Amino acid sequence: MTSAAALLAGCGLSRVESRLLLAHALGTSIESVIAHPQRAVDGKAAARFADLAERRARGEPIAYLIGEKEFYGRPFRVTAAVLIPRPETELLVQLALDRMRRMEAPRVLDLGTGSGCIAITLALEHPAATVVAVDRFPEALTIARANADRLEARVEFLTSDWFEAVQGAFDVMVANPPYVAAGDSHLSALRHEPESALIAGPDGLTALRRIVTFAAAQLRPGGWLAVEHGHDQGRAVRELFAHAGFNDIQTHLDLAGIERVCAGSIRDVGIGVRALDAA
């Protein structure tokens with residue numbers, strides 16, 4: 001046997017990451033690892049830790065290694081089938097909640113739900129809402145449903161390529177779609193995450209174009225859409241919203257001061273129909 005301190009010192013990772021991985025290998029909390037640095041670690045746990053540390057050194061994200069990522073103060077299960085939730089996406093959730101809280105029982109649609117972190121958070125924070133979440137990948141929906149069950153959230157999940165299987169009209173729509181351009185230099189750092197959740201055509205706007213154009217037809221009058229987008233896409237996304245007939249179009253900055261979310265509302269139900277017919 002060896003001690004926890006010896007394993008941590010010899011793994012070559014940062015203190016925070018090494019403690020997280022050792023806690024996961026031991027099936028205990030990071031607080032326990034910190035409080036008992038001289039605890040004896042048996043061979044099996046040491047081997048598990050060594051494997052995790054090696055994979056982390058090769059660039060595999062911590063969230064995939066431990067199978068979990070916190071979002072909006074809650075733990076969400078994640079695998080390589082879904083995008084890892086990012087702190088900047090909490091802005092999208094907060095803006096949606098601000099809108100939803102003006103309504104008694106809004107009907108909400110989350111497009112491309114992935115891990116389900118957005119839809120589940122909205123359902124838990126506004127229990128009177130009816131929340132529908134869609135994704136075209138069954139593997140992602142399996143993760144999302146498991147997260148909803150674990151967190152006791154009431155969400156309806158559908159297998160759908162964006163709006164394909166969606167029925168009815170909604171008060172609020174949200175989406176964190178793929179928005180990275182094919183060939184973008186940042187993709188190498190994201191190589192462990194699913195390309196389908198990242199890449200959206202040569203300019204990164206393929207998914208956003210489809211969502212914004214078709215959303216208008218399935219929003220109730222006064223309905224509201226918000227989408228997350230890339231750091232340099234704010235102007236282009238605002239133009240998409242305007243072309244689709246949205247009003248009150250606003251771009252919101254994340255905590256780093258970067259344009260991150262574009263939102264707008266539909267006043268004339270006919271506008272959305274015309275946008276859909278023109279798509």
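Helix α6 (residues 89-100) packs against α7 at an angle of about 35 degrees, and their axes lie 10 Å apart. This is a predicted model, in which local features need pLDDT of at least 70, side-chain atom pairs count only at pLDDT 80 or more, and totals for chains, interfaces and linings use all residues. Residues are numbered from 1 along each chain as its sequence is written, and side-chain values use heavy atoms, with hydrogens and water left out.

**Helix α6 with α7**
- The crossing of α6 and α7 is right-handed (the near helix is turned clockwise from the far one by less than a right angle).
- From α6, the contact (heavy atoms within 4.5 Å) takes in T89, L92, V93, A96, L97 and M100, while α7 brings I118, T121, L122 and E125.
- Seven nonpolar, two polar and one charged residue make up the contact of α6 with α7.

**Helix α2 with α4**
- Helix α2 (residues 15-26) meets helix α4 (residues 43-57) at an angle of about 140 degrees, their axes being 9 Å apart.
- That makes α2 oblique to α4 (angles under 35 degrees count as roughly parallel, over 145 as roughly antiparallel, 65 to 115 as roughly perpendicular and the rest as oblique).
- On the α2 side the contact includes L21, L22 and L26, and on the α4 side it includes F49 and L52.
- Eight nonpolar, two polar and three charged residues form the contact of α2 with α4.

**The largest pocket**
- A pocket here is an open set of points on a 1 Å grid where a 1.4 Å probe fits, with protein on both sides within 12 Å along at least five of seven lines; lining residues have an atom within 4 Å of a point.
- The largest pocket has a volume of about 1,000 Å³.
- Its lining has 49 residues, and P177, P178, Y179, A197 and L198 lie nearest the centre.
- α9 gives the largest share of this lining, three residues.
- By class, the lining of the largest pocket has 25 nonpolar, 13 polar and 11 charged residues.

**The second largest pocket**
- The second largest pocket has a volume of about 470 Å³.
- It is lined by 21 residues, with L20, I66, E68, K69 and E70 closest to its centre.
- α2, α5 (62-66), β3 (68-71) and β4 (74-77) each give two or more residues to this lining.
- The largest share, four residues, comes from β3.
- The lining of the second largest pocket divides into 11 nonpolar, three polar and seven charged residues.

Terms used
Axes fitted to C-alpha atoms, helices over the stretch in contact; angles between N-to-C directions. Nonpolar A, V, L, I, M, F, W, Y, C, P; charged D, E, K, R; others polar. Points joined across faces, edges and corners; volume = space filled by probe spheres on them.
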